[in-house]
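Visitor: I am new to this structure. Please show it to me, and let me ask a few things.

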Amino acid sequence: MGQVTVTIDNKSYRMVCDDGQEAHLESLAAYFDGRVQEMRSSFGEIGDMRLTIMAAITTADEIMELRRRLAALETDLSAERQALSEVDRRQAERDNKTAETIAALAERIERIAKGLAAV
């Protein structure tokens, strides 16, 4: 297990993580620390716990909005895939009809050619 010390709101916290995840954990902590600092800049000194809670709620709100947008994109993607599947189905039908028409024309040409050869 990896260990890393992160700093949030000028306080150090020793954290444990999976090996190789140290840099990721540090970047998450730095992001969250930035949110706390944004809250401090906006609201001043209103208490460490309150700033942390506000930053956490703001981050959670951002995550929920991203999840909502992702769900909408997944719905759109599913609809596009269904539409594409329908287009593929219609194209296959057209290809089959075209092949049938060409086969029928080839048979007709052969009959005409045989009729001309008999004359």
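Visitor: Leaving aside neighbours within four places in sequence, which residues is Arg35 in contact with?

Guide: A word first: this is a predicted model. Arg35 is found in helix H1. Setting aside neighbours within four places in sequence, its contacts are Ala55, Thr58, Thr59 and Glu62.

Visitor: Is Arg35 buried or exposed?

Guide: Buried means under 20% relative accessible area. Arg35 has a relative accessible area of 9%, so it counts as buried.

Visitor: What is the length of the polar contact that joins the side chains of Arg35 and Tyr31?

Guide: A polar contact is a pair of N or O atoms within 3.5 Å. The side chains of Arg35 and Tyr31 make such a contact, at 2.8 Å.

Visitor: Which element gives the most to the largest nonpolar core?

Guide: That core has 11 residues, among them Val4, Phe32, Met39 and Leu51. Strand S1 (2-8), helix H1 (22-43) and helix H2 (48-118) each supply at least two residues. With 5 residues, the top contributor is H1.

Visitor: Which residues does Met39 touch, not counting those up to four places away in sequence?

Guide: Met39 is one of the residues of the largest nonpolar core. Leu51 and Ala55 belong to this core too. Beyond four places in sequence, Met39 touches Leu51 and Ala55, along with Gly44, Met54 and Thr58.

Visitor: What pattern does the protein follow along the sequence?

Guide: The protein has 2 helices and 2 strands. Read along the sequence, the pattern is β-β-α-α.

Visitor: In S2, which residue is the bridge partner of Val4?

Guide: S1 pairs with strand S2 (residues 11-17) in the antiparallel sense, over 7 bridges. Val4 has its bridge partner in S2, and that partner is Met15.

Visitor: Which residue takes a positive phi in the hairpin of S1 and S2?

Guide: The hairpin has 2 residues between the strands. A positive phi, near 55°, is taken by Asp9.

Visitor: What is the radius of gyration of the protein?

Guide: Start with the box that the C-alpha atoms fill along the principal axes, roughly 105 × 35 × 15 Å. A compact globule of 119 residues would have a radius of gyration near 14 Å. For this protein, the value is 33 Å.

Visitor: How much of the accessible surface belongs to carbon and sulfur atoms?

Guide: Of the 119 residues, 14% count as buried. The accessible surface comes to about 9,500 Å². The share of carbon and sulfur atoms in that surface is 57%.

Notes: Residues are numbered from 1 along each chain as its sequence is written. This is a predicted model: local features need pLDDT of at least 70, side-chain atom pairs count only at pLDDT 80 or more; totals for chains, interfaces and linings use all residues. Side-chain values use heavy atoms; hydrogens and water are left out. A nonpolar core is a set of buried Ala, Val, Leu, Ile, Met, Phe, Trp, Tyr and Cys residues joined through side-chain atoms within 4.5 Å. Buried means under 20% relative accessible area, exposed over 50%, partly exposed in between (1.4 Å probe, protein chains only). Helices (H or I, at least four residues) and strands (E, at least two) are DSSP runs, numbered from the N terminus. Contact means heavy atoms within 4.5 Å. A polar contact is a pair of N or O atoms within 3.5 Å; within protein, one must be able to donate a hydrogen and the other to accept it, and residues adjacent in sequence count only if both atoms are side-chain atoms. The radius of gyration is taken over C-alpha atoms; the globule rule is 2.2 Å times the number of residues to the power 0.38. Accessible areas come from the Shrake-Rupley method with a 1.4 Å probe; for residues, only the protein chains shown count as cover. Two strands pair if DSSP finds at least two bridges between them.
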